[in-house]
Every structure is written in C-alpha cells, then in structure tokens.
Amino acid sequence: MTATGALIQTPRLTLEPLRIAHAAACFEAFAQPSLYRYIEMPVPADEPELRRRFAGWIKGSGREGEGWGNWIAVERRSGKPAGWFQATLHSRHADIAYLVFGEFQRRGMAVEAVQALCGHLFAALPIDEIRAQTDARNDGSIRVAIGAGFVADREPVASTLHGDPTRDLVFRKRRA
Ligand SMILES: CC(C)(COP(=O)(O)OP(=O)(O)OC[C@H]1O[C@@H](n2cnc3c(N)ncnc32)[C@H](O)[C@@H]1OP(=O)(O)O)[C@@H](O)C(=O)NCCC(=O)NCCS
C-alpha cells in the first residue's frame, strides 16, 4: 500500500483515497460557494466537472519527485462524505490542505482528520515537516492548524486570492 493509497481511520471518520466515483456523493457538498471564500479553486458547475477535477488530482502533477494524495473523509456513523483532505508530497516535507463540508463543520472533524493524516504521513514517509498555508483572515483554518499541533511562522508571506493581493500564514509541524 502506498502512502497516498492508504485508508486512514480516525475516531469518527474513514479517510478513503479519492476515487472518481466519489464525485456522485460529494458534488452537492463541493458545490457550496461559502467553502471557497479563502481557497483558490472554482466552485464545480456540475458533477461531470467534479469528476474531471478528481481525475486530474488522481493523475497528479507529473512533476518529478512530487506526489499527490487526496482523501474523502466519510463519517462512519452516517456513511456521508464529511470533507476532503489533500497532501502534496515532496522529498523531505509535505503540504496539506483541508476542507470540511457545511453540515459537518464546527464538530472537531477537521482537527481530528488533520491529526490522523499527519500521523499517517510521518509514519509512511521519510519527511521531517508538514506545512499548511492559509489566508491570514481564515480564522477557521488557523484554529484547525493550531488545534492539530502546527506552529505559524513569525512573518506572513505575500500571496493572492481571487486576483487580489493578500497575506498567508505558513504553519509547520515537525516530526515528533
Ligand atoms: C476551516 C475548516 C476546515 C474548519 O473545519 P471544522 O471541521 O469546522 O473545524 P473544527 O471543528 O475541527 O474546528 C477547529 C477549531 O476551529 C474553530 N473554527 C472552525 N471554524 C471556524 C470559523 N469559521 N471561525 C472561527 N473559528 C472556527 C473551532 O471552533 C475549533 O476551535 P477550538 O480549537 O477553539 O476548539 C472549514 O470551515 C472549511 O472547510 N472551510 C472552507 C475551506 C477552507 O477554508 N479550508 C482551509 C484551507 S487550508
């Protein structure tokens, strides 16, 4: 089993490696515009578009030395998709991103999944550090990073969001 192909279990969630077939169950959740306020990704117009996006993520960047992992978190109790978790793997570090669907927010799901994802990546790969970069105004994302044991760099970095200049915070979690 590769690092990106593994099922990851948390107390309430199973993180399933992304399949194109997930698009059917996830489209409505991914189509909520409020999710995209601080992330640079278009709202999917329809299910075929989401399937094409998933196919691209599964294929990966093709860049030498870079791997992409994507997981749909399924709440075991209801069987419903609760969110999407992503990791970009480099030789000595990984970057992660996280998204929890509306009805599952504010229940500790993101922190629970990010902790398990980090545990999995540190166990499976020879990386020293996991990073998460978030818009400095994205309070929810910042709380998740802190809750999952990340520490922010002192200085924000310049970035852009939806065409406007903005500032991002870079969070890092070192191997224990
Ligand atoms: C950010 C996001 C992942 C949070 O998911 P979540 O499952 O609701 O987060 P949790 O329930 O694990 O909450 C963790 C902490 O964040 C706080 N929090 C969550 N959403 C918040 C918000 N919108 N504003 C302020 N605090 C928030 C929680 O109260 C909790 O605080 P605590 O540590 O003091 O207990 C979710 O709102 C989301 O997917 N947003 C859209 C996509 C996005 O911006 N992703 C981040 C890009 S890297």
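Arg106 is exposed, with 9 other C-beta atoms within 10 Å. (Buried means 20 or more such neighbours, exposed 12 or fewer, partly exposed in between, with C-beta atoms placed from the backbone.) Arg106 sits in the loop between strand 5 (93-100) and helix 3. Its phi is near 60°, a positive value in a residue other than glycine.

This is a predicted model: local features need pLDDT of at least 70, side-chain atom pairs count only at pLDDT 80 or more, and totals for chains, interfaces and linings use all residues. Residues are numbered from 1 along each chain as its sequence is written.

His162 is not a glycine either, yet its phi is positive, about 50°. It lies in the loop between strand 8 (157-161) and strand 9 (164-174). His162 counts as exposed, with 10 C-beta neighbours inside 10 Å.

## The overall fold

The protein has four helices and nine strands (DSSP runs of H or I, at least four residues, and of E, at least two, numbered from the N terminus). From the N terminus, the order is β-β-α-α-β-β-β-α-β-α-β-β-β. The C-alpha atoms fill a box of roughly 40 × 40 × 35 Å along the principal axes. Of the 176 residues, 30% are buried.

## The nonpolar core

The largest nonpolar core has 42 residues (buried Ala, Val, Leu, Ile, Met, Phe, Trp, Tyr and Cys joined through C-beta atoms within 7 Å). Leu15, Ala73, Ala113, Val114 and Leu117 touch the most other members. Helix 3 (residues 109-124) gives the largest share of this core, eight residues.

What does Leu15 touch, not counting residues up to four places away in sequence? Its partners are Leu7, Ile8, Trp71, Ala73, Phe85, Ala113, Ala116 and Leu117 (contact: C-beta atoms, placed from the backbone, within 7 Å).

Key
Contact = placed C-beta atoms within 7 Å.
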